[in-house]
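I opened this model to see how its pieces are put together. My notes follow in the order I looked things up.

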Amino acid sequence: MSRDGRSRSPVVNDSLMISRAVACFGRYPSKRPAGLRVDTNNCMRLDDLMTYWGHGKDLKDDDIVAAIHKHMIRKTADGGSLRFEIRSAKDGGILIKVLPKEDEERVTPR
């Protein structure tokens, strides 16, 4: 840390950074922390996300859920679209689903 008490590194629990990291983990297998399981629907368990990434960043479950909730909607000129879904797993856990990027949703036939 510098003398004024501020770190030169970015704030780890910034909600936009958290939501972007989770989106990357859902969309790009090469960007996932080792051990994090993401199914074929781009869903991951919050407890797995915490184990393989969140705890190492000194985050709490609530930090991740709040960040996902805050940045859940992708704003567009015609309103917006969802970036994430949060739902309950059958065993009571929390699932986070990363939805496709907007340009991936629109497939133009050739």
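**Notebook: overall picture**

I started with burial: 34% of the 110 residues of the protein count as buried. Buried means under 20% relative accessible area, exposed means over 50%, and partly exposed lies in between (1.4 Å probe, protein chains only). This is a predicted model, so I noted that local features need pLDDT of at least 70 and side-chain atom pairs count only at pLDDT 80 or more, while totals for chains, interfaces and linings use all residues. Residues are numbered from 1 along each chain as its sequence is written, and side-chain values use heavy atoms, with hydrogens and water left out.

The protein exposes about 7,800 Å², and carbon and sulfur atoms supply 50% of that. The areas come from the Shrake-Rupley method with a 1.4 Å probe; for residues, only the protein chains shown count as cover.

Next came the secondary structure: 4 helices and 5 strands. Helices (H or I, at least four residues) and strands (E, at least two) are DSSP runs, numbered from the N terminus. Along the sequence I read the pattern α-β-α-α-β-β-β-β-α.

I also checked contacts, meaning heavy atoms within 4.5 Å. Of those in the protein with a separation of 6 or more, 46% come from residues 24 or more positions apart.

**Strands**

Which strands make up the open sheet, and in what order? I found 3 strands in the order E1-E5-E4, with antiparallel pairing. E1 and E4 are the edge strands, and each pairs on one side only. From one strand to the next, the twist averages 25°.

I went through the pairs one by one. Two strands pair if DSSP finds at least two bridges between them. Strand E1 (residues 43–45) and strand E5 (residues 94–98) run antiparallel over 3 bridges. Cys-43 sits opposite Lys-97 in E5. Strand E4 (residues 84–88) pairs with E5 over 5 bridges, again in the antiparallel sense. Here Phe-84 stands opposite Val-98 in E5. E4 and E5 form a hairpin with 5 residues between them. In that turn, Gly-92 has a positive phi of about 95°.

Then I looked at E2 (residues 73–76) and E3 (residues 79–82), which pair in the antiparallel sense over 4 bridges. Thr-76 has Gly-79 as its bridge partner in E3. The hairpin from E2 to E3 goes through 2 residues.

**Helices**

How do H1 and H3 pack? Helix H1 (residues 15–27) meets H3 at an angle of about 85°, with their axes 8 Å apart. That makes H1 roughly perpendicular to H3, a label for angles of 65 to 115 degrees (under 35 is roughly parallel, over 145 roughly antiparallel, the rest oblique). Axes are lines fitted to C-alpha atoms, for helices over the stretch in contact, and angles run from 0 to 180 degrees between N-to-C directions.

On the H1 side I listed Ser-15, Ile-18, Ser-19 and Val-22. They meet Asp-63, Ile-64, Ala-67, Ile-68 and Lys-70 in H3. By class, this contact of H1 with H3 has 5 nonpolar, 2 polar and 2 charged residues. Ala, Val, Leu, Ile, Met, Phe, Trp, Tyr, Cys and Pro count as nonpolar, Asp, Glu, Lys and Arg as charged, and the others, Gly among them, as polar.

Against the strands, H1 lies across E1, E4 and E5, at about 80° to E5. H3 lies across E4 and E5, at about 135° to E4.

In helix H2 (residues 46–54), I found Leu-46, Asp-48, Leu-49, Met-50, Trp-53 and Gly-54 buried. These buried residues pack against H1, E1, H3 and E5.

**Two residues I checked**

Is Ser-15 buried or exposed? Ser-15 lies in helix H1 and counts as buried, because its relative accessibility is 18%. Setting aside neighbours within four places in sequence, I found Ser-15 in contact with Ala-67, Lys-70 and His-71.

His-69 is exposed, with a relative accessible area of 58%. His-69 and Ser-19 are 50 residues apart in sequence, yet 8.8 Å apart in space, C-alpha to C-alpha.
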